[in-house]
Protein chains: 2
Amino acid sequence: MPATIRDVARASGVHISTVSRTFSAPHLVNPETRNRVLACAEDLGYRPNRAARALITGRTHNIGLIIADIANPFFPPLIKAAESQARQRDYHIFIADTNEDPAAEEDLVHALAKQVDGVLLCSPRMSNSLIEQLSREVPLVVINRQVTGLPAVVMDVGQGARLAVEHLTGLGHRALALLGGPRGSWTNREIRRAATAAARAADASLTVLGPNPPTEGGGLAMAEQVRRTGATAVLAYNDLMAIGLMEGLDSLGLRVPRDISVVGIDDIALSRLTRPKLTTVATPAAAAGRTAVDMLLQHDGSASARAGRGGGRASTTDDRRTTAQVSLQTELVIRDSTGVGPAASADRPGAAAPADRPGAASPARPGPHGHPDPGGATTAATPESVAS
Amino acid sequence: MPATIRDVARASGVHISTVSRTFSAPHLVNPETRNRVLACAEDLGYRPNRAARALITGRTHNIGLIIADIANPFFPPLIKAAESQARQRDYHIFIADTNEDPAAEEDLVHALAKQVDGVLLCSPRMSNSLIEQLSREVPLVVINRQVTGLPAVVMDVGQGARLAVEHLTGLGHRALALLGGPRGSWTNREIRRAATAAARAADASLTVLGPNPPTEGGGLAMAEQVRRTGATAVLAYNDLMAIGLMEGLDSLGLRVPRDISVVGIDDIALSRLTRPKLTTVATPAAAAGRTAVDMLLQHDGSASARAGRGGGRASTTDDRRTTAQVSLQTELVIRDSTGVGPAASADRPGAAAPADRPGAASPARPGPHGHPDPGGATTAATPESVAS
DNA sequence: GACACCTGAGCAACCGTTTGCATTAATTGG
DNA sequence: CCAATTAATGCAAACGGTTGCTCAGGTGTC
């Protein structure tokens, strides 16, 4: 029913190849002819069938974006940034939600494989080896994960977690808890590793709880257990969990930050609206989305390799396309959900002023950068199985 | 590079058509042959190219879902429901975000048109006439909009708005404000129409403010103006705006619900987590997603016309596919953001019991159902241009 | 005036599938 | 034993485009 290239050819009295060229290589066709063809096309409401075009060119001009859970407010900014970046290069983004289910992730990659030029795998929950295997089927860029040989953009949550722990210990907290996220999350491991190290460096204890679903519900349900740890400050895997936790703490009769301090990770819009406002680690989600699209598309279109915020890391030339791994910096945003610990009581009235940043990046201890070291966790309460 | 049907044919020593049939019509091929083919396919990692298949069958097994703003927590439940419903029928959903931009909507429909079997247009902001025109290009199901001749699923926010207003007037409020949503929103018009009627019926005044962006920011920015109306209760276009408004009111020194009552619409998860917890109109987003997918797919796959919650409405047989319009019921969820008005003070302690529902649908005034009447609004502060 | 060169357009093969039809072999009925 | 049916497979034409190649005609050069 919709007009095809043949209809246009017939209407304008030229061969279909001329019509084709009118659209894909205008300079090869006589301006006069071109205008006639364009007029006919307009008339008939013709639009090139991108799927058919893809069949022969091999480029669909579509990008797949696989997300663990769109209901998590962390993702929309990333999605929107990726979309607008893609649109600029005449690409479209197909989003798919996996409900945090590794099996769904795999299915989706397969389903998308032939309809897109590449897939952005966002906070994947499946194993590294599976990811590597899938990457032979369709170009992949992973976000919030490091898998050797694959281009990746990660947010340096390790750094953020360290900042958060330092902030808390600086406020006098000695008993800390870490509210862990979902099994299979690279981010979760990074956070645990960095938080553990930072706590040890400050001579504070850190109890790790988890894995948990990374949602309000997940945080809410753990309130009782958090209390039982006796911690006076807790770092949550993400803002959603932190918010749920605060809610749960509240119904347990514990006041934040008076009785217990809470810090989240992500800095979702919502964290500014809770009461108390949430202290959190801001992650550059939008920059990550943009960068990931750029990395996926870097090899074809006109070069516009806009660098993301934060320092680019290693850039190993692998087989034939450069597989870079970009790490984006995070920063601590201090609001009202953190306050002085029991030791320093009466010292300060309410929330802490943003003045205290105990020696960021102490030179004695090299940052968590470098090659991924296996089994970095030490105090892990519950072992998590993550491949390689 | 990926294996094609030809590779499999060569490997298993049969013609490509046999391979094709092995997948799309297994009963037509000898079990022995079939197994051999399947083994080879497995071996080579062959997967049918859905795009190529679509070219000839005309069915892509993809559905497009166009959303005004994924960052709005109202949508994720709808999206997830649609996805799972689609998956059951071996369809995949491609989500796209328009940033509330009508032009982006149109582009997206065009881009999607050839890659999907149909598009779910969710809370569209473009004109009805444009939608009708686009529907000639690809099967459309609209959500939260009524356009003649097109299948639609709407949530009866009119009813919900009426309930909300009755709840407020029942609490003694006489000066009401309506915090309007975005231009071009059908939902917005419905709400205004119903709220206006309900307010008039209860002899209360209603000041309409808008249009506004349907976000926290949009609500926050209007706090001052809301105060200036002198209203003691306000109904917001959605929960996000209501939450933003509460925040703004708070920084103006107004307490909710003591000084002013606020009710939202949507019942997003977040509305349970704010303090005070938000009174709101629950809309069945998930059911809408499911129903929309069903309506789009009703004509092909095995019949499983699961009816959505709420009463189905008119079902006109149009050209050749039945274009039904389903209306889903909404309900009022009373929480803590609404309290007694100035007139009835000291009467009741806190929130109202759900006992008060003054004469629903007073017979003197026909309900808001029926053909859309032009210019139904009376006290509208700012005229909105919406086609047809 | 012959030659090379360039421009613009047509021809046809191809991308990876599906599917109506033709072909062959095996089975059945009479 | 032959005809008719059935089952299994092959053949080739689509689907809607793209693209290398060919070809005709016009222009410029010596």
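Helix axes are taken here as lines fitted to C-alpha atoms over the stretch in contact, and the angles between them run from 0 to 180 degrees between N-to-C directions. In this predicted model, helix α1 of chain B, residues 5-12, packs on helix α2 of chain B, residues 16-24, at an angle of about 105 degrees, and the two axes lie 8 Å apart. Angles of 65 to 115 degrees count as roughly perpendicular, and α1(B) and α2(B) are therefore roughly perpendicular to each other. From α1(B), the contact draws on Ile5(B), Arg6(B), Val8(B) and Ala9(B), while α2(B) contributes Ile16(B), Val19(B) and Ser20(B). By class, the residues of this contact comprise 5 nonpolar, 1 polar and 1 charged.

The fold of chain A may be described next. Chain A contains 13 helices and 13 strands. It has 388 residues, of which 54% count as buried.

The arrangement of the two protein chains was then examined. Two copies of a chain are related by a rotation about an axis and a shift along it. For this pair, chain A is superposed on chain B by a rotation of 180 degrees with 0.0 Å of shift along the axis, at an RMSD of 0.1 Å. The two copies are thus related as by a two-fold rotation axis.

The contact between the chains involves 32 residues from chain A and 32 residues from chain B. On the side of chain A that touches chain B, at least two residues each come from α4, α5 (75-88), β2 (92-97), α6 (102-113) and α12 (239-251). Of the elements of chain A, α4(A) gives the most to this side, with 5 residues. The composition of the side is 17 nonpolar, 5 polar and 10 charged residues. Of the interface residues of chain A, 100% are also interface residues in chain B, so the copies meet through the same surface.

Both chains also take part in the surroundings of DNA strand D. Helices α2 (16-24) and α4 (50-57) of chain A, together with α2 and α4 (50-57) of chain B, each supply at least two residues of the surface near DNA strand D. The most is given by α2(A), with 6 residues. This surface divides into 12 nonpolar, 11 polar and 2 charged residues.

Conventions: Residues are numbered from 1 along each chain as its sequence is written. Chains are lettered from A and ligands numbered from 1 in the order in which they are written. This is a predicted model: local features need pLDDT of at least 70, side-chain atom pairs count only at pLDDT 80 or more; totals for chains, interfaces and linings use all residues. Helices (H or I, at least four residues) and strands (E, at least two) are DSSP runs, numbered from the N terminus. Angles under 35 degrees count as roughly parallel, over 145 as roughly antiparallel, 65 to 115 as roughly perpendicular and the rest as oblique. Two residues are in contact if their C-beta atoms, placed from the backbone, lie within 7 Å. Ala, Val, Leu, Ile, Met, Phe, Trp, Tyr, Cys and Pro count as nonpolar, Asp, Glu, Lys and Arg as charged, and the others, Gly among them, as polar. A residue is buried if 20 or more other C-beta atoms lie within 10 Å of its own, exposed if 12 or fewer, and partly exposed in between; C-beta atoms are placed from the backbone. Copies are superposed by least squares on the C-alpha atoms of residues with pLDDT of at least 70 in both.
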